[in-house]
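Here's a quick walk through a few spots worth a look. Keep the viewer open as you read.

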Amino acid sequence: MPEKTIFEKSVEGRRGQSFPIEQLGDFSPEQALPKACLREMPLDLPEVSENELMRHYTRLSQESYGVDNGFYPLGSCTMKYNPKINEDVARFPGFSQVHPMQEVQSAQGALTVLYELEQMLCEISGMAAISLQPVAGAQGEMVGMMMARAYHESQGHARQVVVIPDSAHGTNPASAHLAGYTIKTVHSNAEGLIDLDDLAKIVDRDTAALMLTNPNTLGLFETQIEAIAEIVHAAGALLYFDGANLNALLGLTRPGDMGFDIVHFNIHKTFSTPHGGGGPGAGPVGIGANLLPFLPSPVIKKDQDGFSFDHDLPQSIGRVHGFYGNFGILLRAYTYIRRLGAAGLAAISRNTIINANYLKKRLEEDYNIPMSGPCMHEFILSALAFRKKGIHAWDIAKRLIDYGFYPPTVNFPLIIEEALMIEAPESEARETLDAFAEAMKQIRHEIDAEPEKLKSAPCSGPAGRMNEVQAARQLDVKYE
Ligand SMILES: *Cc1c(COP(=O)(O)O)cnc(C)c1O
């Protein structure tokens, strides 16, 4: 039975507490507050007992699936486990009670964390400077594109076009468009990598930047990255790194060393801070020395008096967020990086690459894997062969819910028909990957033997198959 709403459980007059209000005398709310402040109409709140309230919200919490209750192979999103020590540190009173309007002299600890995090991200990415202000990867992209525009304007030629591969995440063209650019698409070759000839034809003196995800959304490393950087830079354009897949590169190689000029990080993916449901997140942006003057203001500066904010940046693109980004999320990432150290970070990437290749190997027999070589931290299956049986990637994803797993990303990247994009973060044990592979094997058997099971899935969850288009187009979250 799906859990009813708390309003449907309401019974008039029922209470969650029983204080002896009459004993409060003059201190009771009715007596202590001036008459003009008292409500005339009663609040329309549900009336339930304490245990009903407790059970309702506990049940609801058990109906949602998250990284704390199982494997979450959502490709590109890096749903790794969020270590609880990050949460403990974020709750230290000295951090949780700091106020953004406080004088900087009394917030030196918080500023130390931010400053050191910037330095660590510079080291990890090979970039010259970082702004921690953007609060999502997508916002980082837009800030990066705004800096690219400021850079080109300072060179005397604003340029019009941003080039983006056909395998890119949808936020890339959206961000470049918001920054005022026209988009041109560069095609992928049969190996799933950037087609260098196509790129050389497209890039010219009007190209502001190439936005690239490396490893790309097919889970493949762009091995020709040096040649790509050369084509882009020879035209005077900038090379932008979408850092959503940085989980595969930590401590192994750096976007700065590959020639990237601008980088965004998805802190909530790579550095294990919670995400889902729209935030909060953090999408810091790193830049090479050529873009230093254009950083969002303010920047954190360190001198003999300690840390402070520097607002004196005449060429800056300006402030892009209130205060200095999502402090609590940045603090969790800081904790994560400090706890692991350089060797720990490199182990993350090695282990996520091993996990993905292991799982890919285990699924190879039963599913079509369009890109056959080794992958980085994620890989793509195609369910195209099952289409003639009426089965789509979607149905396999939904059926996985019945086996206790969160579905992988489906129908992305767009260049693979019926794509299922599977990521296996380093925090998953081999037994978990084996259990997932077994479930996929069972589903493969069902596709031939009992396809209806897939089409009607999920049948075990609190709700059946949703109309996701209607849910997005006619969002109704108000109880009336
Ligand atoms: C997640 C993701 C983004 C967008 O990042 P958000 O933090 O969700 O805004 C961009 N590109 C790729 C490849 C991604 O996976």
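Helices here are DSSP runs of at least four residues, numbered from the N terminus. One thing to keep in mind throughout: this is a predicted model.

## A cysteine in a loop

Start with Cys 37, which sits in the loop between helix H1 (29–32) and helix H2 (50–63). Is Cys 37 buried or exposed? With a relative accessible area of 53%, Cys 37 is exposed, because the cut-off for that label is over 50%.

Now look along the chain to Asp 68, 31 residues apart from Cys 37. The C-alpha atoms of Cys 37 and Asp 68 are separated by 44 Å.

## Two helices side by side

Next up are helix H12 (residues 327–363) and helix H14 (residues 430–449), whose axes come within 10 Å and cross at roughly 30°. That angle makes H12 roughly parallel to H14, because angles under 35 degrees get that label. The crossing of H12 past H14 is right-handed.

Which residues make the contact? On the H12 side they are Asn 355, Tyr 358, Leu 359, Arg 362 and Leu 363. H14 brings in a list including Leu 433, Phe 436, Met 440 and Lys 441. Sorted by class, the contact of H12 with H14 holds 7 nonpolar, 1 polar and 5 charged residues.

## A buried strand

Strand E10 (residues 378–382) is largely enclosed by the rest of the structure, since 5 of its 5 residues are buried. Glu 378, Ile 380 and Ser 382 point one way from E10, while Phe 379 and Leu 381 point the other way.

E10 pairs with strand E12 (residues 419–423) in the antiparallel sense, over 5 bridges. Ser 382, for one, has Ala 419 of E12 as its bridge partner.

Notes
Residues numbered from 1 in each chain as written. Predicted model: local features only at pLDDT ≥ 70, side-chain atom pairs only at ≥ 80, totals over all residues. Heavy atoms only, no water. Axes fitted to C-alpha atoms, helices over the stretch in contact; angles between N-to-C directions. Parallel < 35°, antiparallel > 145°, perpendicular 65-115°, else oblique. Left-handed = near helix turned anticlockwise from the far one by under 90°. Contact = heavy atoms within 4.5 Å. Nonpolar A, V, L, I, M, F, W, Y, C, P; charged D, E, K, R; others polar. Buried < 20%, exposed > 50% of the residue type's maximum accessible area, 1.4 Å probe, protein only. Pairing = 2+ DSSP bridges.
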